[in-house]
Amino acid sequence: MASIRHEIVVDASPEHIWDVLRDVGAVHERLLPGRVTDTRLEGDQRFLTFPDGHVVRELIVAIDDDSRRLAYSVVEGARPPLEHHHASFEVRPEGDGAGRLIWTTDVLPHARAAEARVRIEYGALEMKRAIEGAARG
């Protein structure tokens, strides 16, 4: 199994970053506007719709406010197709008024790791822009 860890500093308070991440039903509005066009929740499942109509089904595994950690798993619709996906976001303070977003993702098959890493790095930059834009607001 490949484990991908990506860290990015976000110019917003850790509280603000966490508020955006933990709002699991508003990905299309707060975290990835434009990249995700709709978010729907059904119990502990989240459905993300993309501009081309593609839908990804995720399981929200845990939301831990004390440690500012969100764990989720893509269970259907992963691009590229995966046998297994589990990921988590953590938010930690970084200097004065900023936060560090840590995104850890485990995927199978291992051969998909390079492509998954590119998507994670690009996605983290999109998240950073959206969170910082809202924090400046």
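Mentor: A pocket is an open set of grid points with protein on both sides within 12 Å along at least five of seven lines, and its lining residues have an atom within 4 Å of a point. Keep that in mind as we look at this predicted model.

Trainee: Which residues lie nearest the centre of the largest pocket?

Mentor: Those are Phe50, Tyr72, Arg79, Trp103 and Arg119, out of 33 residues that line the largest pocket. Its volume is about 710 Å³.

Trainee: Which element gives the most to the lining of the largest pocket?

Mentor: Helix H3 does, with eight residues. Other elements that give two or more residues include helix H2 (27–31) and strand E5 (69–76).

Trainee: How does the lining of the largest pocket divide into nonpolar, polar and charged residues?

Mentor: There are 22 nonpolar, five polar and six charged residues in that lining.

Trainee: H3 also packs with H1. Why are H1 and H3 called oblique to each other?

Mentor: Helix H1 (residues 14–22) and helix H3 (residues 113–136) pack at an angle of about 120°, their axes 10 Å apart. Roughly perpendicular covers 65 to 115 degrees and roughly antiparallel needs over 145, so H1 and H3 count as oblique. The crossing of H1 past H3 is right-handed.

Trainee: Which residues make the contact of H1 with H3?

Mentor: His16, Ile17 and Val20 come from H1, while Ile131, Ala134 and Ala135 come from H3.

Trainee: What classes do the residues of that contact fall into?

Mentor: Five residues are nonpolar, one is polar and none is charged. Ala, Val and Ile are among the types that count as nonpolar.

Notes:
Residues are numbered from 1 along each chain as its sequence is written. This is a predicted model: local features need pLDDT of at least 70, side-chain atom pairs count only at pLDDT 80 or more; totals for chains, interfaces and linings use all residues. Side-chain values use heavy atoms; hydrogens and water are left out. Axes are lines fitted to C-alpha atoms, for helices over the stretch in contact, and angles run from 0 to 180 degrees between N-to-C directions. Helices (H or I, at least four residues) and strands (E, at least two) are DSSP runs, numbered from the N terminus. Angles under 35 degrees count as roughly parallel, over 145 as roughly antiparallel, 65 to 115 as roughly perpendicular and the rest as oblique. A crossing is left-handed if the near helix is turned anticlockwise from the far one by less than a right angle, and right-handed if clockwise. Contact means heavy atoms within 4.5 Å. On a 1 Å grid over the protein atoms alone, a cavity is a set of points where a 1.4 Å probe fits but cannot get out, and a pocket is an open set with protein on both sides within 12 Å along at least five of seven lines; lining residues have an atom within 4 Å of a point. Grid points are joined across faces, edges and corners, and a volume is the space filled by probe spheres set on the points.
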